[in-house]
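Hi,

Here is the structure I promised to pass on. Have a look at it first, and my notes follow below.

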Amino acid sequence: MKIIYMRIINFKQFYKEHYIRISDSKEKNVTIFHGDNGAGKTSLFTAINWCLYGEGIEDSGEILSKQYYSESAINTEMPVVVTVGFIHNHVEYSAERVWKFRKLKDESEIIFKEFLLSQVSQKGNFEDVANPEGVMDSILSKNVREYFFFDGEKMDDLMRPGNEKITQAIQNIMKLPIIERTEDHLQKVKLEYRKTIKSKGSVKLDQILDKKSENEGQIEQLKKNIEEKKKQNSIAETQIAQLEQQLENSKELGTLQSQRKGIERQLDNLKNLRIQSLSKIQANTNKIYPLFMVCAADSALELINQQVEKGRIPSGIREQFLVDILNKEVCICGRDFCKDDDVYNVLKNILESTGSSKLEDEVLNLRAEIRQVNSRVLSNTDHLEKELQTYYQVLQNMEFLDKQKDEYDRRIGNADEVNLVAIDQTIKEFKTKQKLYDQEIGRNQERIDQLENQIVDLNGQIDLEIKKENELSGLNKREKLAETAEKAVSEVKEKFYCEVRKYIESETKEVFQALAWKQDHFTDIKLNDEFQIEVLDKWNLPTKSELSAGERQILSLAFISAMARLSGEESPIIMDTPFARLSSNHLIKTASNIPKLHPQLILFVTDTEWNQAKESDLINHIGLDYNLVFHSDGCTTVEEGNFA
Amino acid sequence: MNLQKVLSNYFKELDPDISEIVTDVYSLERNYMDYYGSNKGLLIKIKDIIDRVASLQESSEQKGGKS
C-alpha cells in the first residue's frame, strides 16, 4: 500500500476542501508536513486514521470545521469528508469517509455516516467495493495499523517497563492471535469430536449380537422341536390312519366275533338251562317211582274196597257210631240207657268185639295214600313231561346255536380277537396326542414369530450400532486429525516464535544500533519468552530501565521498524512528531536512516524537528513537503514547500 | 523476512494431510479475524476441513483395501 493523495473537507481546522498529494516515489519516498504546535499536524494524522479505519477521533474533539459550522445556517447539512487515495497490489483505491451533520440552534447532530472504498477498474472508472471495511482491513489490518501510523510523542511509552503493548504488537504482527485461535479452535473441535464419540459410543453392539445369537439359538431349538412334533404328529397320523383302516377292516370280523360271542352267551345260558332242566327231570323222576306201584296199589285198593263192601273191614264210621252212642247213652231208637244197662254192655261188647280197627284204618289210610300217590304221580308225570319238553327244547336250541356258532367259527376262522373299542380308544389317544403336538407346534411357532420379530428389531439395532460404530470410527479418525493438527500447530507455533523472536531481536538491534549513538554501550537486544524486549549493555546486563526517553524512543522506532518489516505488509509509515524527544545526535541519525527502512514515509514534524532534520540525509529523500499554516480565523491551510 | 512465508514453510513441513488441515484452518481463522470478527460458524467450517481430509483418507483406504 502506498498513499498517493489525501482530500480533506471541513475536517477540524481544515476548512473547505484541501487536496494533498503524497509522494510515492521509490527514491524520494518521504512526504513531510511541518508546522508550529497546533498547526494541524495531528489533525492530518488523525484524518488518515479516521478515513481508513474510523478511529482516532475519540480524544480529538469535534471533527466538523468550526468555521464551516459557524457559517452554516440552522438545519443546514454539513458534510465532513476525508478521502485517501492509495495504490495496493497495482490497483488504485479511493477510501472515503463521510459524516454529515445538521446544524441545530447551539449544536449539531450527526445525520449520516458512510465509508466507501472504490477501486479503479480496467476501464478507468471508480467502482465501489463490497464490504469496504473488510477489504480495507485485508489491505492493512487494523491490528497492525498502529505500528505504521503512530504518534511519536507517545512512542517511548512503548518501551517503558511493564508495557504490554510490545507483546501485543509482536503477537499482532506475527499473526499470533490467528495461530493461537487456530490451535484453540482445533482443540475445541477435537473436544467436540471427543464429546460426540463419548455420547455415541457404547458396548451395546456386543450385547445386541449376543441377544441375537441367543434368539437364533432358541429359534433353532424351537424349529427342531416343531420338526420333532411334526414327525410325531405324522407318525400319529399314520397310526391313526392304520388304526382307522384296521377299524374299518375289522368291523365285519368284529361284528361276527361279537355276534359269535352273543351266540356263545346264549349257549352258555342254554347250558345252564339244560343243567337246571336235568336237575328238575331228575327230581321229577325221583318223584314218580310210585308210578311203578300204582297197579299194585290199585289192586290193593280194589281188594280193600271189596272187603269193605263185604263189611269185613269196619268202617271207622260204625266204630265211631258205637262210640258216640255209648258216650251219649241214647239208642238209635231213642231209648235211653245207662252204663248199667244191658244195652250198654251189649253195645260195649259189640264195640269191643269188633276188635281193633287199626288194620282197617291202615288199609283205609293206605288206600287213601295210594290214591294220593297216584294223584301225585300223575301230577309229577305232567311236570316231568313238561320238563322233558323244556329240556328237549333247550337241546334243540343249543343244537341250533351250535350250528350257528359253527357257521361263525367257519367265517371267522383263525382270526385274532378283534377289540374295536380298544382300537377306537387308541385312535382317540393318538388324536389327543396330535392335538397336543399341534398345540405345542403352535406355541413354538408363536414363540419363533416373537423371536424373529425380536431379531428384526435387533437387526435394526445392529444396523444402527454398526452405523454408529462406523460413524464412531469416522469420528475417531477426525478427532485424531484434529488432535494431530492441534499438536502440529502448537509445535509450529513454538518454532515460529523462536525464529521470529530471533528475527525481531536481530532487526531491532540492527536498527537500534544504527540510530543510537552509544553503539558500543548497547550490545544486544533480547526478547524473552513473553516477548518482553530487553537491551543488554556491554556487560551483558539488562539496561532497559536505565534508557533515557530519547533512547526509549529510538528503541521504539527500531522495534516498530522491525515489526513493520516483519509484518510483510508494504505500507507507509506515518509518524506524528517522530523526533520530538530526540537529541540532535539521535535526530540526525534517525532522520538519516529512517527513509531507508520503509518504502514510504509520511512525517508530521514540528518546525524545530524539521529544522534539525533538514541537516540530515532525510532531505535527500523528500518527495513532497508541506507547510501547515494556522490562520487567525482558526483554519489551517496546506502550503507546498520547496524542498522536494 | 516474510512471516507468512515462514509460517507457510513450517506448515508445508508437516504430514500432507495435517498440513492441509492446518493451512486451511489458519487461512480460515485469518479470514474470520480480518472480515467477520466473530467465531460464528467457524467450528463447523473447521470440521468441514477435517471432514474433507478424513473423507479423502477413507476413500484412499477403501481403494487400497479393494485393490
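**What I found**

In chain A, six strands make an open, antiparallel sheet in the order E2-E1-E4-E5-E6-E7 (strands are DSSP runs of E, at least two residues, and helices are runs of H or I, at least four, numbered from the N terminus; two strands pair if DSSP finds at least two bridges between them). Strand E2 (14-21) and strand E7 (126-128) of chain A sit at the edges with a single partner strand each, so one side of each has no neighbour in the sheet. The twist from one strand to the next averages 20 degrees.

Before going on, some housekeeping. This is a predicted model, where local features need pLDDT of at least 70 and side-chain atom pairs count only at pLDDT 80 or more, while totals for chains, interfaces and linings use all residues. Residues are numbered from 1 along each chain as its sequence is written, chains are lettered from A and ligands numbered from 1 in the order written, and side-chain values use heavy atoms, leaving out hydrogens and water.

Back to that sheet: strands E4 (residues 77-88) and E5 (residues 91-103) of chain A run antiparallel and are joined by twelve bridges. A:Phe86 stands opposite A:Tyr93 in E5(A). Helix H1 (residues 41-53) of chain A packs on the sheet, with its direction at about 105 degrees to that of E1(A) (axes are lines fitted to C-alpha atoms, for helices over the stretch in contact, and angles run from 0 to 180 degrees between N-to-C directions).

There is another open sheet of six strands in chain A, E8-E11-E12-E3-E13-E14, with mixed pairing. Strand E8 (149-151) and strand E14 (636-640) of chain A are its edge strands. H1(A) lies across this sheet's E3, E8, E11, E12 and E13 of chain A, running at about 145 degrees to E8(A).

Now, how do the chains meet? In all, 39 residues of chain A are in contact with 33 of chain B (contact means heavy atoms within 4.5 Å). Together they bury about 3,400 Å², 66% of it on carbon and sulfur atoms (the accessible area, 1.4 Å probe, lost on being put together, summed over both). Six salt bridges are counted between chain A and chain B (a side-chain nitrogen of Lys or Arg within 4 Å of a carboxyl oxygen of Asp or Glu). One pair is A:Arg478 with B:Glu58, whose closest N and O atoms are 2.9 Å apart. H12(A) gives the most to chain A's side, with 15 residues.

Cheers

Note on methods
Buried area is the accessible area (1.4 Å probe) that two parts lose on being put together, summed over both.
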